[in-house]
Amino acid sequence: MTEQTETLPALHLPEVRLRVPTHEDAFAWHRLFRDREVMEFLGGVPAELSVYEELTARQRRHDAELGFCFWTLLDGTGEPVGFAGAQPWTRPWGPTGEIEIGWRLERAAWGKGYATAAAHATLERLRAAGVPSVVAVVAAGNERSVAVARRLGMELGETFTVPGAGEEERRVAYCFRLAL
């Protein structure tokens, strides 16, 4: 009796680089993410520059203290197209205290494999840092991010109601999990 194996299609991912965000990356992130479609599942409103200045500073701190952060995602030519990486989940709802992986890309970079390639690179770095498991919290309806989580081998864990200012602002989010 011969054993049959199924051949899975190879993932053809683009070349990406992840770097610790610089102060200048705050300006790049602000430019890349000022698109309402990019921000659709994050409240729909582009953030002010000061938000990205604080975010990039916090990510530099995370990298120095933890060995990981949300890194600036560079395409094969070295141009910023977004961010990807990991950070502790600090909100009082959801997987508090766990390590969240995530990604955000400019719209022009969607559908090209950058998020999946960067997420794979993030997982490699987290394994090397000794992180035992990760979560990805994805807004219900964000099929692109759900697909990335599934490509990583993540499995759906909990479903959360995201707190909002009013009942009409509450949204549902999925928590995907992966043991490293």
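This is a predicted model: local features need pLDDT of at least 70, side-chain atom pairs count only at pLDDT 80 or more; totals for chains, interfaces and linings use all residues.
The largest nonpolar core contains 32 residues, of which Leu-73, Ile-101, Trp-103, Val-134, Leu-152 and Met-154 touch the most other members. Two or more residues each come from β2, β3, β4 (99-105), α3 (114-128), β5 (133-139), α4 (143-151) and β7 (171-179). Helix α3 gives the most to this core, namely seven residues. Beyond its neighbours within four places in sequence, Trp-103 contacts several residues, among them Phe-83, Ala-119, Ala-136, Val-148 and Leu-152. There is also a second, separate core of 11 residues, including Met-39, Leu-55, Phe-70 and Phe-83.

Turning to charged pairs, the structure holds six salt bridges. In one of them, Asp-25 pairs with Arg-19, with 2.6 Å between the closest N and O atoms. Asp-25 is buried at 2% relative accessible area, whereas Arg-19 is partly exposed at 29%. Another salt bridge joins Asp-35 and Arg-107 (2.5 Å, N to O). Asp-35 sits in the loop between α1 and α2 and Arg-107 in the loop between β4 and α3, so this pair ties together parts 72 residues apart in sequence. Glu-98 and Arg-177 also form a salt bridge, their closest N and O atoms 2.6 Å apart. This pair links the loop between β3 and β4, which holds Glu-98, to strand β7, which holds Arg-177, across 79 residues. Finally, salt bridges with shared partners join Asp-35, Glu-37 and Arg-107 into one network.

Note on methods
Residues are numbered from 1 along each chain as its sequence is written. Side-chain values use heavy atoms; hydrogens and water are left out. A nonpolar core is a set of buried Ala, Val, Leu, Ile, Met, Phe, Trp, Tyr and Cys residues joined through side-chain atoms within 4.5 Å. Buried means under 20% relative accessible area, exposed over 50%, partly exposed in between (1.4 Å probe, protein chains only). Helices (H or I, at least four residues) and strands (E, at least two) are DSSP runs, numbered from the N terminus. Contact means heavy atoms within 4.5 Å. A salt bridge is a side-chain nitrogen of Lys or Arg within 4 Å of a carboxyl oxygen of Asp or Glu.
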